[in-house]
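Student: I have a model open and want to work through its contacts. Can we go step by step?

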Amino acid sequence: MSDNDMNEREKTAMTEEQIETEDVSDANRGRVISDSTDEADDVLIETGPTAGLDDDKPSRGTGQTIVESRNIDVWYGDDQALRDVSIAIPENEVTAMIGPSGCGKSTFLRCINRMNDLVDICRVEGELTLGGKDVYDENIDPVALRRRVGMVFQKPNPFPKSSRDNVSYGLNVQGIEGDHDEIVERSLKQAALWEEVKDRLDESGLGLSGGQQQRLCIARAIAVDPEVILMDEPASALDPIATSKIEDLIADLAEEYTVVIVTHNMQQAARISHKTAVFLTGGELVEFGSTQKVFENPDSERVEDYITGKFG
Amino acid sequence: MSNEPRPETEPLRRRGFVIRKERLYGRLIAVCAVLTIMVTVGIVLALLGRALTFWTAVSPVSFLTGTQWSPIISGTYGVLPLVSGTLLVTIASAAIALPVGLAAAIYLSEYASDRARSVLKPALEILAGVPTVIYGYMALVYITPLFQGVLPLSVPVIPSGLPGVPEFILTVPSLRTFNVLSASIVVGIMIIPMVSSISEDALSAVPDSLREAGYGLGSTKFDVSTGIVVPAATSGIVASYVLAISRAIGETMAVTMAMGMSPQLPYFPNVLRNLVESSQTMTAAMVQIAQADSLGGVTYEAMFALGMTLFVITLAMNAVAELVRRHFREAYE
Amino acid sequence: MAAGEDAVGRLRRGSGLRFEQLKGRVFEALLIGATLVGIVSLLVLFGYIVFDAVGPLAASPRWYLLYFGTLVTPTAAFTLYARRRPAVRAANARAFAAVFGGVVLSLAVYAVSDALSPYDVFIYLVFGGGPSVSIAVYARKMNDNTFAGPAVPVSMVIGVAVAAGFYDVLRPIIGTVPRWITYIAITTVPVAAITGWFAAREWTTRRGLLTAGVVVAGGFAVAGGALVSGIDPSFWVVLFSGTVVPVAFVVGSTAATNPEGRIGMLGPFVVIGGGLLGAVVERQFGIAGLDSYLTPTLLLNSWDGLNAANAGVYPQIVGSIIIVAFMGIMAIPVGIGAAVYLEEYAPATGWRGRLASLLEINIANLAGVPSVVYGLLGLALFRNTLGFGTGIVVAASGTLGFLILPIVVVSAQEAIRSVPDSRRRASYGMGASRWQTLREVVLPEAVPGVLTGTILALGRAIGETAPLVIIAVATTTYSAPSGLFSSATALPLQIFASAGNAKPEFRTGVVAATAIVLLALMILMNAIAIVVRNRYQKDD
């Protein structure tokens with residue numbers, strides 16, 4: 001894809017607002033959630049409630065590419081799941097991956113934090129970099145990689161531990177020092193769950209509702225302050241109200257984190273993402289660009305057919 | 001899963017000590033796994049060494065075809081009487097356990113309510129959990145006297161005086177203190193759960209669509225159970241039979257205690273006499289030699305030869321059961 | 001004409017259907033009969049054994065009336081009362097577990113320590129457990145497990161090795177203190193530490209320390225009381241630490257925190273009190289009781305081949321416990337390790353994948369190998385290859401360990417497999433390593449299943465006879481094993497040896513009672529397994 005194009009667009013989009021948000025995001029680390037929600041609300045009001053197809057969202061990104069893949073091929077045994085995928089994911093923005101089932105979008109997501117390593121028959125070829133370092137370099141430890149790339153899964157999967165222990169799990173396994181209680185509180189506030197669980201932090205996370213569980217998983221992911229958060233259809237198992245909460249949350253998260261989200265739901269992609277990548281059957285990346293462009297005026301006819309519902 | 005860290009990729013690696021520590025743990029765990037193979041290797045080596053020594057002293061042909069087993073008194077090592085004893089117990093106990101176990105499996109899988117199943121399944125498992133020495137004790141001290149009260153027995157199957165038909169009276173002679181019958185009964189009881197639990201798994205694995213097809217055609221529950229479900233689960237049932245028989249062949253304490261120490265070739269033509277007489281299985285012969293407590297010598301090695309024979313038989317039966325089972329897995333999963 | 005035909009047709013169908021119904025009912029009845037026949041026969045046979053062991057006919061009607069009044073009626077009334085009140089029932093169950101668990105554990109610990117010599121137990125406990133427990137506690141406090149993981153087992157091994165190396169120096173020094181002091185050290189002190197830790201977790205550290213101090217002081221007070229009365233304090237110290245303290249703790253904390261269920265704590269005391277009262281009255285009024293072989297004599301004496309009334313199986317019971325305990329220490333970690341490897345580490349492909357499937361097949365086959373064959377393995381390995389003496393504890397434990405290894409592996413595998421994969425993915429996604437995922441997520445969830453399986457395997461081992469006969473473990477010894485290399489015997493071997501005894505007082509008396517002791521041990525194991533499973537299932 002045209003990396004240069006994108007970076008160009010990003011750079012031109014770098015306005016004062018951009019710089020401002022950067023400050024905010026720095027200040028936000030460690031601050032309570034009410035501030036950052038206000039901030040987010042302001043921004044949302046500015047862009048209007050119908051954000052998505054009509055307006056391009058204000059690009060808050062740093063304009064830098066954080067995850068970049070070049071000619072990635074993935075095989076499961078003899079089946080090729082991804083074909084020659086090249087993509088540059090910008091920092092501090094929401095990038096959505098859409099496409100019909102089996103198109104390889106989740107596979108690509110799992111390439112970024114090498115979750116595919118856990119599948120014995122999976123083979124990855126090509127180059128994928130995180131912050132300029134090839135994550136498939138043989139000297140890279142996938143465990144260390146996953147400490148910088150958080151992940152939220154399709155079905156909420158909290159551990160059968162208390163909510164507190166769920167959120168502090170990553171802090172413990174990664175040996176992160178500091179006041180864990182404070183980090184737990186901050187993460188839960190960021191995940192907009194604090195008010196609901198603050199009185200029952202020591203009760204099992206499994207006792208929460210589905211939407212709460214998923215927000216708990218998001219809190220768990222952001223507690224360790226990753227650079228990138230991967231979300232694999234995080235709302236597909238949830239009801240509409242819980243889904244909209246998660247969507248709001250993703251918009252907030254983009255202020256501090258790079259979010260890569262796989263979704264089945266095109267409206268969702270249009271609502272929440274800055275960039276959209278369309279995968280079509282056979283593991284091909286057919287189109288990648290700003291969400292507005294992809295949804296309004298895609299280059300590829302197949303993508304247009306897919307988005308208008310003629311295919312897929 | 002972890003790779004050697006290198007300084008230039010600083011942020012994407014963990015502390016070397018942690019990685020080395022976890023790799024060490026992984027190796028230790030792998031060693032545990034390999035130890036389980038060492039048990040098999042150990043068994044084979046232990047058996048093979050002494051058994052081969054034995055077979056150089058006593059030719060395998062005379063071992064396998066000899067009709068007299070008298071290791072301690074006359075030093076004859078013909079395994080056939082022991083094989084016959086083992087077969088007798090196996091057949092008699094299978095005659096009890098196979099039909100009973102299958103019937104229990106059909107009941108549990110097709111008829112029983114969830115509640116009944118939750119009580120009966122663990123209750124059946126208890127049958128296999130009771131120590132075999134207690135089964136042997138019960139056979140010797142309680143079951144045998146019980147039958148001794150009934151036997152000898154003459155049942156006129158075809159009474160005399162019928163024109164043109166020869167009279168036939170079934171006679172069961174009186175029961176010895178050590179006998180095949182009571183040993184077979186307890187062995188039969190203890191292998192019931194082997195049949196019932198594996199068969200029940202096979203019956204439950206039959207997809208409901210097959211049952212529905214049967215009911216849709218107007219079949220009764222009896223027809224569906226016996227005509228559709230059981231045939232569909234045949235391979236699983238056969239596997240359970242093979243495993244249960246293998247267990248009966250290897251059973252030791254109950255047969256040693258209740259069946260006695262006198263190796264016999266089977267009696268013909270009054271087959272039932274075999275049940276009331278005492279006999280000896282291969283396993284019981286091993287116990288007898290072990291109790292004689294002679295370290296070394298041909299007799300001591302004969303114990304290992306018997307063990308080897310037993311090991312090979314049970315291994316082969318397990319392999320057969322596994323093959324049959326795999327067949328049934330392919331069919332429905 | 002047509003109508004008549006119809007009627008006939010319906011009638012035919014009707015009778016056909018009736019026949020079908022009858023056939024179905026008969027079939028179902030046959031199936032139920034088949035399901036029950038094994039269970040019922042076993043129950044009848046158990047009935048015979050119990051009848052012979054207990055001798056209920058000898059007791060007079062007055063005896064039955066007495067115990068009906070003192071034991072059965074109060075217990076039944078209490079049970080009925082508790083049944084309707086869940087809080088009371090739960091407290092009752094806890095109290096029963098504390099009282100009877102405490103008594104059984106105290107007796108087992110005392111019997112085993114007494115057999116192995118409390119001085120030896122003390123030395124190995126201090127050197128093996130001391131450093132490793134301190135390291136573990138320190139690491140917990142520092143919240144850094146990086147070094148504790150390897151350091152704990154290594155320090156344990158080194159500690160045991162040092163103790164073994166300097167045994168000849170240490171033993172005379174330790175031997176100068178009275179026996180009961182070592183019992184304080186090996187029972188009262190750990191119990192004090194555990195109760196103190198509980199109390200500290202529940203309330204404050206100060207209160208925890210206070211609790212621990214009270215327990216230790218109590219231990220010395222009991223010992224002092226016994227010394228003053230001129231009896232050996234050892235047993236009473238163990239009983240105090242293993243039974244009185246846990247019961248007091250459970251009763252006390254329930255009484256304090258759970259006013260609704262408080263009354264349920266009385267359950268076990270109703271039973272014990274009723275039994276004691278009955279016994280006192282029985283003796284006072286000389287009421288003819290049971291003609292039972294299931295007596296303290298049986299549990300405390302050693303075997304007497306001439307006088308059945310004097311015969312006991314104490315060495316056999318202690319031998320069984322020591323053999324099975326040492327077997328568990330050796331076989332269970334290996335079995336769990338193998339299961340972890342197969343479920344969590346082994347890849348599906350490559351040469352290691354093939355190795356893993358070979359391991360799976362191998363374990364399935366080992367589970368089918370007759371137990372006598374394991375006896376031959378033990379014989380060849382321990383007696384012929386390693387040259388161990390005949391029938392010593394290590395050889396018996398090792399042989400049984402090989403036997404239960406596949407059972408432990410299979411049950412642990414099932415437990416580990418039942419942990420949902422989504423949990424593992426969540427953990428890996430958080431940047432946990434394989435080991436961390438195992439320790440923090442997989443094992444905690446698999447523990448109840450693994451425990452249940454291993455306890456059942458221990459129960460199986462307690463009843464195993466054939467391999468022990470093959471490795472020529474003695475059927476009767478007159479003292480409990482004094483160490484891992486001393487000869488031992490096991491409970492089932494005594495049954496094997498004496499079942500054929502011609503004298504009825506042995507054949508259907510002592511042996512029947514011994515069989516009941518063995519069955520009781522197995523039932524105890526199974527009950528523990530069920531309790532463990534239910535307890536953890538509720539927590540989820």
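Student: At what angle do helix α1 of chain B and helix α13 of chain C pack?

Tutor: This is a predicted model, where local features need pLDDT of at least 70, side-chain atom pairs count only at pLDDT 80 or more, and totals for chains, interfaces and linings use all residues. Residues are numbered from 1 along each chain as its sequence is written, with chains lettered from A and ligands numbered from 1 in the order in which they are written. Helices are DSSP runs of H or I, at least four residues, numbered from the N terminus; axes are lines fitted to C-alpha atoms over the stretch in contact, and angles run from 0 to 180 degrees between N-to-C directions. The axes of α1 (residues 16–57) of chain B and α13 (residues 350–368) of chain C are 10 Å apart, and the angle is about 50°.

Student: Which residues of α13(C) make that contact?

Tutor: Two residues are in contact if their C-beta atoms, placed from the backbone, lie within 7 Å. α1(B) brings Ala33(B), Thr36(B), Ile37(B), Val39(B) and Thr40(B). The α13(C) side is Leu359(C), Asn362(C), Ile363(C) and Leu366(C).

Student: How are α15(C) and α17(C) oriented to each other?

Tutor: The axes of α15 (residues 393–417) and α17 (residues 434–463) of chain C come within 8 Å and cross at roughly 150°. Angles under 35 degrees count as roughly parallel, over 145 as roughly antiparallel, 65 to 115 as roughly perpendicular and the rest as oblique. α15(C) and α17(C) are therefore roughly antiparallel.

Student: And α1(B) with α13(C): which orientation class do they get?

Tutor: Their angle is about 50°. The class is therefore oblique.

Student: Which helix gives the most to the side of chain B that touches chain C?

Tutor: The contact takes 69 residues from chain B and 66 residues from chain C. By class, the chain B side has 48 nonpolar, 16 polar and five charged residues (Ala, Val, Leu, Ile, Met, Phe, Trp, Tyr, Cys and Pro count as nonpolar, Asp, Glu, Lys and Arg as charged, the others, Gly among them, as polar). With 20 residues, the top contributor is α1(B).

Student: How many charged residues are on the side of chain A that touches chain C?

Tutor: Here 20 residues of chain A are in contact with 18 residues of chain C. α5 (142–148) and α6 (163–173) of chain A each supply at least two residues of the chain A side. That side has eleven nonpolar and four polar residues, and the charged count is five.
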